[in-house]
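Subject: Structure handover

Hello,

Please find the structure below. Some notes on what was found in it follow.

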Amino acid sequence: MRKFFYILLLLFVSALAQAQMNCTFTHYSQENGLSENSVMDMVQDHDGMIWFATWDGINRFNGYDFKVYKARKENDMRWSSNRVDHLQVDKYGDVWCITYDGKAFRFDKRMEAFTEVTANGAEKDLVITSILPLDNGTVWLLTDKNGGIRVVPDRKTGTLASKVYLSTASKEKGTAIKTVFLDKKNREWLLTKDGLLCIEGNNGKQTPFFVNTHPESGRPNQSFFSAAFVNGHVYFTSNKGRVWKYSLKDETFELKDLGLQDDVISIRELSGGKVIMATRRSGFVVGDAALESLKYYGLKNEFDFSQHPIRSIYVDSHNEVWFEVNKIGTVCHFNPSTEVFKVEQVPVEKEPGDAPKFAVCEDKQGNLWVHPVGGGLSWFDRENNELKPFYNEVGTDAWRFSNKLHAMMLDHQGNLWLGTHSKGLDKVTFFKNEFQLIKPQNCKYDTNANQVRSLCQDSRKQLWIGTRNSKVSVYSLDFQLQGYLTVDGRISLTGAPFRGSAYKIIEDSKKNIWIATKGNGIVQLIPQGSGYKMLHYTYDANDIYSLSHNNVYDLCEDSYGRIWVVTFGGGIDYIEKESDGSVRFINSRNNLKSYPMERCYKARRMLLDKKGMLWVATSNGLLAFSEKFERPDTIDFHLFVCMPNKREVLSCNDIYDILLTHDGRLFFATFGGGLNELKSLDKKGNALFTSYSAKDGLPTDVLSSLAEDTKGDIWIGSESGLSKMDIVNHHFDNYLKQEIGEELSFEESTAIRAEDGRLLFGTNRGLLCFTPELIRKNSYVPGIVLSGLKIANKDVVPRPESVLPESLNSLSHLYLSHKENTVTLSFAALDMSFPENVKYAYMLDGFDKEWNYVGKQRTATYTNLPKGNYVFRVKSTNGAGIWVENERVLRITVKPSFWETPYAYVIYTLGFMLILLVGAYTLFVIYRLKHEVSVEQQVTDMKLRFFTNISHELRTPLTLIEGPLEYILKRSDLSKDVREQLQVVERNTHRMLRLVNQILDFRKIQNHKMKLCIEQIDIVAFVH
């Protein structure tokens, strides 16, 4: 019952917070990249990007940066004016705009460029005043009094087919087109100042109705102003109180005369088969669909429509009607179910110039904002049936932005965007606040009085809170202050307060309250009547059985009733009672000799698990020991520390908090190592741990406090906010400043679960209280756009026949040459609520082996990519820091250079084969020549041997001839003739002998038996 009561209480608080419109404001101006501070119009395209029309170009916003489109000397935009007043988005997501000089342009998403519509022909001189996109894709460009242009985009080619209607540009009589209505048969109805014109959407066939064909007769034209589809009929409102009812089935008109000599400017369908019709100056009419039962509301006594005519009407999701009237700061409101008519007059900031236009915005939850003519944005409080100034009431401190708006829009996430004249742009982000922040001292600034450092719920259903201003206060469970602890042990609103910075407060099994302080030891509060008897224990250097240190961070009671004291500087103690009632502290100075004092003297936290093990968190590791021991010197301490390059060990030695879950699991919050869980602990004291870090979804690895809810999920307080870990799938949900309501830093080991299931966390700004069952996490999935490409650090813009033939965001496959293999891809997740909290991860299949978690970085750079096919993947969190399924994929192909193509390999193969053939042929020729030389040498050798042998045979006879011949020639009795003949014989014999000797010498040289001796001689003797 009590738990139910507190859930109802928090529901009420949540509803109250919603009634007060919990929101954050973000202002954008030229300092943030906006091209000009006068924002005249805004739209959101189908990708989720927001476009702003300013007096100096158009700005496209992706949640982070503004990209400006305007005519400059260095670009190709052919705008004659950079002032843009109107924007629209068509069925296909293309953005259309009108510049100040009445020219219409369409943004081509594929080429990321604006192109002028109707740049040629007679229609180029038409001054466009409004853009009207239809659901069939057709876009109408309307002039003030000279007809309009029907534009039909071709989705395949991106071209536009246009035709002028009811304009002097088409050699027709110029007629004002009030609006265009698309019926269920895809027919477009032009409501003009002179009748109706029906255009068949399929073939363009035109059929006029109620056109004054004989204006010379003096018969007035029949003007049409508005149309609505109700129960198979199209209702067209006209002048002189006429409403034409057109049957789509029979294709016939039926006149319904309201009996009013006034223009029926608007008609809208109401619930219950009713319609409402507004006249210009005669009030409005509510009737059934057949227009048989009508009720007239002239209301001259309440509001004079004749002086302040109606301009338009809006029917909200609650079937209530809002009237735009021609009066500054005034809007009329009518509830058809109660028939209550109310005039709302909003205070408006007075200033000269044109009055800002009327606007209405309504979100999916039915929240409604109205901006009357002239200014005064207000929020409609349905409970009290009144408009309330929305943070801009004139002359109040709540004024957050300009009272006069020129543009207002709700985006897909429900953020309210407000465009002002010369004062920039404002974004209003709404959030439901299920969190309750209790501040001991009500102030907007940080103070020690609100820094909750210790919490305890006692058996008396009281909440003890210790703050950093050295004060201990006691509250009821509905946070009503009961009093504070005084120096004489009372809980009172008067008296001298006990001063001590309480870091831990516990209640032991005997209902005693123990307070651990930083710098002032520990205090025991023993119940005594309506107050407490106070016992104070501190460190005494002369008493080894006193407290080991005055900086006490934690207290713990084991199964044997022992109170353990955790100090930051003196290790741990436990209290031992003496027979005379006194106590002494057992620590490393006396009997706790086995405690690793040198390493673990700075202890922070102690906890007893379900197996009788005591766990001690220190700044230099984790200790564990059994509570079962006979003497303190026999305690066996097990130390667990972080060891680099080893898995399943502690991720960090500095441990801030320990949590024991209902099923006996142990979790450890570390300062820099994320969250650790004990997986197993064997009998020898060997432990295995699992760690969870920012890569797994935590906002930071610096954690402060832990608590378990009734479902078993783990809630984690950190310096970056609050997180919840789903105990089953280990998924993290993060709750940051925008969802909690304030930027909080959670205090160390200061979290408890109250008996009613609420979780309480101590923070730097008070006590955060919430019921986990009521918390609903942001599940928005932002789309990711690919916003830019750089090659070799140079921006690449879409150009035909280039590396980027169309916008990167619309491209499915990017082809790069081997010279373009250093690329930078830019991306953005379109979460407009809290884009500053979005984190990213990307990888390139075929290059990266795992995801690159890059935080808030929105670019990915790859250098010297080898040839091949890749797939670029990028994903992100949403604005709440939750990883969502929004992966965006882009295929990338790096083309090989020519020498890496198959053609090159064919050439390489043919060249190699040619080289082989040439080499083989060359070797064959060489072999053949060597063989011929060898044969020739053999023949020559044979010849030489033959000649040598013959020479030997010839030399002997010649020698034998030479001797007798010389003898005969020495004789004197020879006749002259005989001597001459013998001398001839002698000469030839010598010659023959010399030739034989030369042959023999050549043979000796060949056999290396004769050395060639070179000498200088007179060559003349050889010549002559």
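A disulfide is a pair of cysteine sulfur atoms within 2.5 Å, and the structure holds 0 of them. For Cys361, the closest cysteine sulfur is in Cys23, at 15 Å, which is also too far for a bond.

This is a predicted model, in which local features need pLDDT of at least 70 and side-chain atom pairs count only at pLDDT 80 or more, while totals for chains, interfaces and linings use all residues. Residues are numbered from 1 along each chain as its sequence is written, and side-chain values use heavy atoms, with hydrogens and water left out.

Cys456 is buried, at 7% relative accessible area, and Cys361 is buried at 9%. (Buried means under 20% relative accessible area, exposed over 50%, partly exposed in between, with a 1.4 Å probe and protein chains only.)

An open sheet has 4 strands in the order β30-β31-β32-β33, with antiparallel pairing. Its edge strands, β30 (359-362) and β33 (386-389), each pair on one side only. Strands are DSSP runs of E, at least two residues, and helices are runs of H or I, at least four, numbered from the N terminus; two strands pair if DSSP finds at least two bridges between them. Between β31 (residues 368-371) and β32 (residues 378-381) there are 2 bridges, and Trp369 stands opposite Trp379 in β32.

Lastly, Phe898 lies in the loop between β74 (888-894) and α4 (902-969) and is exposed, at 52% relative accessibility.

Regards
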